[in-house]
Amino acid sequence: MSAIAGALNFNEEPICDESIGNMMSALRVYPSNDVGIWQGGSIFLGCHAQWITPESVNEQLPRYDGQHKLAITADAIIDNREELFGRLQIDFALRKRMKDSELILLAYRKWGKDAPKYLIGDFAFVIWDEKKRRLFGARDLAGSRTLYYRYCGRRFAFCTVMNPLFALDGLKKEINEAWLAEFLAIPIILDTIDVHSTVYRHIGQIPPAHSFTVEDGKLVLEQYGSLAAPVEKLHLKSNEEYEEAFREVFREAVTSKLRTYRQVGASLSGGLDSGAVAGFAASPLRREGKPLHTYSYVPPSDFVDWTSRWYVADERPYIQAAVEHIGNIKANYLDFPDSNSYGVIDDVLGLMEAPYKMIENSFWLKGVLEQAERDDVGVLLNGGSGNYTVSWGPATDYYALLLRRLRFVHLYRELKLYGKHMEIGRARLVPIIAKQAFPFVTGPPFRSIKPDIPLLIHPDLAARTAVLDKLKNYDVGLTESSFDEFDARDDHLGNPANFNHLGTSATKLSLRHGVRGRDPTSDPRVVRFCLSLPVEQYVQHGIERSIIRRATRDYLPDKVRLNVSVRGIQGADWIHRMTSLWPDVTRELEMLCSDSAASQYLNVTQIRESLAIIGRSPEPRLAYDQHMKIVMRSLIVYRFIRQIA
């Protein structure tokens, strides 16, 4: 994992040493194993390298191939190395020690601008093709690594993070109102739907699954692929064959992400996704003589679980069962007794370089990375996209599909079994499924903004950016959605905004600690396999998320694998941690409401109303309340505005 940077002058003038020094100096806030710079007349490439894989140790980046007049800087871990070795006909003697950056260059030499289509992994790279006077770069399909740029009439500059782009030539930080309007108007955790822009004017970003080309002073962005690209449906003879096929693909994805000369960690909750990742990672690590370090967030001992019987805030019983069953795990249960969401705002803003919405999880996500760094973890696995890939399988939406297809006999059998497992009578289930099957029977199929939703955005900002009209065409929590889980999966996998949001958080949070977050559940091989499965593999015999439950029979304990009664809900204790700090929060909110710098963007009237509804001492059960989100997000935006003023 590395932070890359560079700049190209269009007028053929060399990049001055001061500009290069300013840009690279701005990266010193991140740890590094090596820092490299390459200059070639009007261009420079830089790399602030963090060595993660065995092949990356002592790697010289940027790399220059004098024979072919190509230079590369890369933040990349390539997972399909063996496939590329074969496609590129690389000599067996060279394969083991070949750097990932070398592989990318060879791919570019063979396929040119189509090279990213053949790469699987987490990457952002930039290549200078001296013969063609072309700057070319790309970001991986899932957007696991970030790549920002500034493009003006005389120069193109890029970097993994944004601050060095301001250091390059003293560009002033100015808020991009269109980006901020989306951030404030979207009530769910998604930042924005615009994957090209950033919180700053004059700074853009390369979206996931996109490449860029700069030639003759012109910038061209192209989408080279999609995780949701159509795939041919898989037809096998039995459940057992589907289960073995799942294990084969998932094992390959997990194993390919274990490449590090350091320790391997995994975020572990009590659920199926992270449990499956840990289950498939532990055995190959045992053969290497390494344990799997797992990190599980748990509430403090004085927290009283306020959630319903369908949820559990403390997942320790399920986590412990998984740890004991899987074996070869060094488990860490972390409650961070002295940390809270309010106390880390400035730190997380510094990491993210922008406002953020992960309020309830911010303090423990940061804490996990700090502990992983202390444990010398190079790769930290997670199952962040599992809900839409390996553990997808919504029962009621599947049953609605059966109803639309008039498959009454199969539906009757499924409902009988599902009701038994979930302790729900068919008399309650049928109206729910009928409404899902025919959502437009009782209303017109058009979208309008919910009249009762509290909005953080100032009405004037909303009006001048027309953001609400733009957003009502997207499923972002502002409208009465007609999406079922089939549509939701297509939207999640096909909309780059979702992966951009996840990848940005992963890159920014981990870069400061030299820990590479890796998600096998968003591996393109896994995604394509899951999309190829017949829907019947996801819901069977009244059990949703069926394929992963069946395929992990030997990998997870039944307590986790067959659990249909409760789901973990992390971060339910975040308000409980802040009770004594609430007077400080309210005082800062009062300052916010009186500060014109913030009130031009924020809906102060709504903030005051939300604060009044919450009261003087918020109850822990308000952890996911929309009014708590309003006031906490307003504080985060306010702090950000003050930082850049």
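I began with Glu 13, which is partly exposed in this predicted model, with a relative accessible area of 48%. I then looked up its place in the chain: Glu 13 sits in the loop that links strand 1 (2-9) and helix 1 (17-25). Leaving aside residues up to four places away in sequence, I found Glu 13 touching Gly 41 and Ser 42. Gly 41 is 28 residues from Glu 13 along the chain, yet I noted 7.0 Å between their C-alpha atoms.

Next I turned to a helix pair. I noted an angle of about 160 degrees for the packing of helix 23 (residues 582-594) and helix 25 (residues 604-614), and their axes are 10 Å apart. Helix 23 is therefore roughly antiparallel to helix 25, as the angle is over 145 degrees. I recorded the crossing of the two helices as left-handed. On the helix 23 side I listed Trp 582, Thr 586, Leu 589, Leu 592 and Cys 593; they meet Val 604, Ile 607, Arg 608, Leu 611 and Ile 614 of helix 25. Sorted by class, I have eight nonpolar, one polar and one charged residues in this contact.

Last I looked up the nonpolar cores. The largest has 97 residues, and I noted Leu 184, Ile 457, Trp 574, Leu 602 and Met 628 as those with the most contacts inside it. Helix 26 (residues 626-644) gives this core its largest share, 11 residues. I followed up Leu 602: beyond residues up to four places away in sequence, its contacts include Leu 184, Leu 592, Ile 607 and Val 637. I also logged a second, separate core of 63 residues, with Val 254, Phe 486, Val 539 and Ile 548 among them.

Notes:
Residues numbered from 1 in each chain as written. Predicted model: local features only at pLDDT ≥ 70, side-chain atom pairs only at ≥ 80, totals over all residues. Heavy atoms only, no water. Axes fitted to C-alpha atoms, helices over the stretch in contact; angles between N-to-C directions. Helix = DSSP H or I, 4+ residues; strand = E, 2+ residues; numbered from the N terminus. Parallel < 35°, antiparallel > 145°, perpendicular 65-115°, else oblique. Left-handed = near helix turned anticlockwise from the far one by under 90°. Contact = heavy atoms within 4.5 Å. Nonpolar A, V, L, I, M, F, W, Y, C, P; charged D, E, K, R; others polar. Core = buried A, V, L, I, M, F, W, Y, C linked by side-chain atoms within 4.5 Å. Buried < 20%, exposed > 50% of the residue type's maximum accessible area, 1.4 Å probe, protein only.
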